[in-house]
Amino acid sequence: DEQKPEPDVPPPDFINACKAVLLNFGNLAVDEANQDEDLAAKVKQIAAEAEVVATQIYGQGMDVREQQDRAWAEETTSIFDLEQLEIEAEQRGEEVPWANPDMQDLV
């Protein structure tokens, strides 16, 4: 097994950091001499480059349907299946083991 290099910052954390910068500082100018370019444009440019790198490392992302199809093909339980089981248990007045902290030994 050849191990792929891991980034210093996991992609979801990087995305959240970019969103926080845009939310809190997106209207600031990057350079006083160049008022046309704001911080938001720079952050979006960096995020676009990071997306290319993340895709090269991890491959193309999947949407919800693709994830569900993959779970089905690999015969695994998806989060949607677990949600449905939880809803059905609640309708019967039961509690699923993963939702009850007193039943951690069973999980």
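Predicted model: local features only at pLDDT ≥ 70, side-chain atom pairs only at ≥ 80, totals over all residues.
View 1. Leu28 belongs to the loop that joins helix H1 (11-25) to strand E1 (29-31). With a relative accessibility of 43%, Leu28 counts as partly exposed.

**View 2. The whole chain, for orientation.** Of its 107 residues, 9% count as buried. The protein exposes about 9300 Å², and carbon and sulfur atoms supply 52% of that area. Among contacts with a separation of 6 or more, 25% come from residues 24 or more positions apart.

**View 3. Helices H1 and H2 side by side.** Two packed helices are described by the angle between their axes and the distance between the axes. Here the axes of H1 and helix H2 (residues 39-58) come within 10 Å and cross at roughly 170°. Angles over 145 degrees count as roughly antiparallel, and H1 and H2 are therefore roughly antiparallel to each other.

View 4. Pro10 sits in the segment before H1, while Pro11 lies in H1 itself. Is Pro11 buried, partly exposed or exposed? Its relative accessibility is 25%, so Pro11 counts as partly exposed. Pro10 is also partly exposed, with a relative accessible area of 39%. Setting aside residues up to four places away in sequence, Pro11 touches Ala54 and Tyr58. Pro11 and Tyr58 are 47 residues apart along the chain, and 9.9 Å separates their C-alpha atoms. For Pro10, take Ala54 as the reference: these two are 44 residues apart along the chain, with 9.3 Å between their C-alpha atoms.

View 5. Side chains of opposite charge can pair when their charged atoms come close. How many salt bridges does the structure hold? There are two, and this view shows the one in which the side chains of Arg70 and Glu74 meet, at 2.9 Å from N to O. Arg70 has a relative accessibility of 45% and so counts as partly exposed. Glu74, at 48% relative accessibility, counts as partly exposed as well.

**View 6. The salt bridge between Arg92 and Glu94.** In this second pair, the side chains of Arg92 and Glu94 meet at 3.2 Å, again from N to O. How open to the surroundings is each partner? Arg92 is exposed, because its relative accessible area is 53% and the cut-off for exposed is over 50%. Glu94, at 44% relative accessibility, counts as partly exposed.

**View 7. Phe80 and its contacts.** Which residues does Phe80 contact, leaving aside its neighbours within four places in sequence? They are Val64 and Gln68. Phe80 itself is found in helix H4 (residues 79-91). Phe80 and Val64 lie 16 residues apart along the chain, and their C-alpha atoms are separated by 9.9 Å. At 39% relative accessibility, Phe80 counts as partly exposed.

Technical notes. Residues numbered from 1 in each chain as written. Heavy atoms only, no water. Helix = DSSP H or I, 4+ residues; strand = E, 2+ residues; numbered from the N terminus. Buried < 20%, exposed > 50% of the residue type's maximum accessible area, 1.4 Å probe, protein only. Salt bridge = Lys/Arg side-chain N within 4 Å of Asp/Glu carboxyl O. Contact = heavy atoms within 4.5 Å. Axes fitted to C-alpha atoms, helices over the stretch in contact; angles between N-to-C directions. Parallel < 35°, antiparallel > 145°, perpendicular 65-115°, else oblique. Areas by Shrake-Rupley, 256 points an atom, 1.4 Å probe, with all protein chains shown as cover.
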